[in-house]
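Please open the structure in your viewer and keep the selection panel at hand.

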Amino acid sequence: MFLRTIVNNAKRLAPNIRGMASQGPLVDLTVDNDGVAILTMQRPPVNSLNLDLLKELSNSLDEVARNKNTGLILTSSSSTVFSAGLDIMEMYKPDMKRAEQFWTTLQDVWLKLFGSNFVTAAAINGHAPAGGCLLAMSCEYRVMVSGKFTIGLNETALGIVAPTWFMDTMCHTIPVREAEYALTTARMFTVDEALKVGLVDEVATDKADAISKCKDFIEKFDNIPSLARAVTKQRIRQGAIERLQKNRKADLEDFLHYLNQPKIQQSLEMYIQMLKMKSSKN
Ligand SMILES: CC(C)(COP(=O)(O)OP(=O)(O)OC[C@H]1O[C@@H](n2cnc3c(N)ncnc32)[C@H](O)[C@@H]1OP(=O)(O)O)[C@@H](O)C(=O)NCCC(=O)NCCS
């Protein structure tokens, strides 16, 4: 399929002292012949969502809205990870000013993706823990590539209470009872389990198949007036959207407060060590 690159030169951001600086564009936004935008996260090794990647995602979502693209497919350039979720290094011993910007940008990305006018689908071509799962659930349709991948909100395992809007997003995706159980137990679903509970809508053989299935979903709306479609979606999602819009500042303060708790910092430190140990064994 011929793809035209429309945005591949996202602004490089100022380097920072904590080793999270970006090496180049962290997303690739292309539009195919049918007007479907494909937004690919490309921050190796695991697309962890740091401030820089979130800013580029936010800018790309603005671009898709401005271009009036038919729909958006969110995916990853990695062959094994959709996104590892929030970059833990943004939360571990943070610079509080940057942490504030980080959280505000995450809120922006969610509001733009969850509340978008355009049709959204996620081609989940690998693991999607935590924030990765949040991004996928914020879309209207999810296709996950089969394999030994997992998806879910695992915040409680790190001693973190997932923000209400993360919970709302899950409750919009799977039954409330399942969401409560999954959130409290930090459940990571296999692909088959995710399909069974409705956390994903379809399973694909590979990334190309996932994108093709996402496109089939987007094409379902070819004969539906787009305004009626968008308003219907937004009204169904309105409660969750308004809850965050009205509480953005309190939600930010909660996050900053959590970061300042020694217990949270200890859990993050242990978690980072565990990841490093696992990574060195790979
Ligand atoms: C996504 C995941 C399944 C991928 O597994 P994998 O392909 O085997 O990759 P690894 O675990 O070896 O991770 C690769 C590197 O990314 C780092 N990394 C992984 N997830 C990260 C995150 N969320 N934030 C920052 N760094 C992360 C690892 O520490 C490792 O770094 P190193 O190479 O410097 O040692 C696994 O990395 C994972 O579970 N990550 C944590 C997800 C999570 O709990 N996120 C919640 C954040 S609130």
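**Stop one: the ligand**

Select Tyr271 together with the ligand: an N or O atom in the side chain of Tyr271 is 2.4 Å from an oxygen atom of the ligand. Such a pair is a polar contact, that is, two N or O atoms within 3.5 Å; within protein, one must be able to donate a hydrogen and the other to accept it, and residues adjacent in sequence count only if both atoms are side-chain atoms. Next select Lys278, where a polar side-chain atom lies 2.8 Å from an oxygen atom of the ligand. On its own the ligand has 870 Å² of accessible area, of which the protein covers 78% (areas come from the Shrake-Rupley method with a 1.4 Å probe).

This is a predicted model, in which local features need pLDDT of at least 70 and side-chain atom pairs count only at pLDDT 80 or more, while totals for chains, interfaces and linings use all residues. Residues are numbered from 1 along each chain as its sequence is written, and side-chain values use heavy atoms, with hydrogens and water left out.

Now display the shell of 20 residues around the ligand (a residue is near a molecule if one of its heavy atoms lies within 4 Å of it). Ala84, Tyr271, Lys276, Lys278 and Ser279 come nearest. Which helix gives the largest share of this shell? Helix α9 (residues 262-281) does, with five residues; helices (H or I, at least four residues) and strands (E, at least two) are DSSP runs, numbered from the N terminus. Colour the shell by class to find 12 nonpolar, five polar and three charged residues (Ala, Val, Leu, Ile, Met, Phe, Trp, Tyr, Cys and Pro count as nonpolar, Asp, Glu, Lys and Arg as charged, and the others, Gly among them, as polar).

**Stop two: two loops**

Select Pro44 and Pro45, which are joined by a cis peptide bond with omega of about 0°. Pro45 is found in the loop between β3 (36-41) and α1 (51-67). Move on to Lys68, in the loop between α1 and β4 (71-76). Lys68 is not a glycine, yet has a positive phi of about 50°.

**Stop three: helix pairs**

Select α1 and helix α2 (residues 96-114), whose axes come within 9 Å and cross at roughly 30°. The two are therefore roughly parallel (angles under 35 degrees count as roughly parallel, over 145 as roughly antiparallel, 65 to 115 as roughly perpendicular and the rest as oblique).

Finally, select helix α3 (residues 131-138) and helix α4 (residues 164-171): their axes come within 9 Å and cross at roughly 50°. Helices α3 and α4 are therefore oblique to each other.

How values were computed:
Axes fitted to C-alpha atoms, helices over the stretch in contact; angles between N-to-C directions.
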